[in-house]
Amino acid sequence: QVQLVESGGGLVQAGGSLRLSCAASGRTVSTCAMGWFRQAPGKEREFVAAISWSASRADHAESVKGRFTISRDNAKNTVYLQMNSLRPEDTAVYYCAADRVASSTYVSAVVRGYDYWGQGTQVTVSS
């Protein structure tokens, strides 16, 4: 079993930056693909970014490309999401997720494909 705990959310003005962290415990996630998703009020959960367990591949949603960067530190069992140039439309609860896979280059943008989820951290961007 894997427990995921997100942190780093908060209130920031448009154009500002935040760095989200996702700490894993219970079982190593060093061989899990990891993803970040977000959900705004009244909307479905959507893909933000994902990274393979080897960190050799990373994908980002078109809406955040060039502004957000996913990374991981397997030694610390932690995944990060650096968010720059934040916009009001980035306001949402951000969730970290882990996908047990064998391929070192596998990443997924599909919510259903992930096995473990954190409780989420709120990000609010004011205009």
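Q: Which residues of strand E1 are on the covered face, and which on the uncovered one?
A: In this predicted model, Leu4 and Glu6 of strand E1 (residues 3–7) lie on the covered face. Gln3, Val5 and Ser7 lie on the uncovered one. Strands here are DSSP runs of E, at least two residues, numbered from the N terminus.

Q: What stands opposite leucine 4 in E3?
A: Alanine 24.

Q: What is the strand order in the open sheet?
A: The order is E1-E3-E8-E7, 4 strands with antiparallel pairing. E1 and E7 stand at the edges with a single partner strand each, so one side of each has no neighbour in the sheet. The twist averages 15 degrees from one strand to the next. That angle is taken between axes, which are lines fitted to C-alpha atoms, in N-to-C directions on a scale from 0 to 180 degrees.

Q: And how many bridges pair E3 with E8?
A: 6 bridges, in the antiparallel sense. One of the contacts puts arginine 19 with glutamine 82 in E8 as its bridge partner.

Q: Switching to the core. How many residues are in the largest nonpolar core?
A: 36 residues. A nonpolar core is a set of buried Ala, Val, Leu, Ile, Met, Phe, Trp, Tyr and Cys residues joined through side-chain atoms within 4.5 Å. Those with the most contacts inside the core are Leu4, Met34, Trp36, Leu81, Met83 and Tyr94. Among the elements giving two or more residues are strand E3 (18–25), strand E8 (78–83) and strand E9 (92–100).

Q: What counts as buried?
A: Under 20% relative accessible area. Exposed is over 50%, and partly exposed is in between, with a 1.4 Å probe and protein chains only.

Q: Disulfides: how many does the structure hold?
A: The structure holds 1. It joins cysteine 22 to cysteine 96, S to S 2.0 Å, where the cut-off for a disulfide is sulfur atoms within 2.5 Å. Cysteine 22 is in strand E3 and cysteine 96 in strand E9, 74 residues apart.

Q: Why is the disulfide called left-handed?
A: Because the torsion about the S-S bond of cysteine 22 and cysteine 96 is about -75 degrees.

Q: Are those cysteines buried or exposed?
A: Cysteine 22 is buried at 1% relative accessibility. Cysteine 96 is buried at 0%.

Q: Why is cysteine 32 too far for a bond?
A: Because its sulfur is 10 Å from the closest cysteine sulfur, that of cysteine 96. Cysteine 32 is buried, at 0% relative accessible area.

Q: Last topic, backbone. Where does alanine 55 lie, and what is its phi?
A: Alanine 55 lies in the loop between E5 and strand E6 (58–60). Its phi is positive, about 65 degrees, although it is not a glycine. Most residues other than glycine have a negative phi. Alanine 55 is partly exposed, at 42%.

Q: And what is phi for serine 85?
A: Near 50 degrees, a positive value. Serine 85 is in the loop between E8 and E9. At 42% relative accessibility, serine 85 counts as partly exposed.

How values were computed
Residues are numbered from 1 along each chain as its sequence is written. This is a predicted model: local features need pLDDT of at least 70, side-chain atom pairs count only at pLDDT 80 or more; totals for chains, interfaces and linings use all residues. Side-chain values use heavy atoms; hydrogens and water are left out. Two strands pair if DSSP finds at least two bridges between them.
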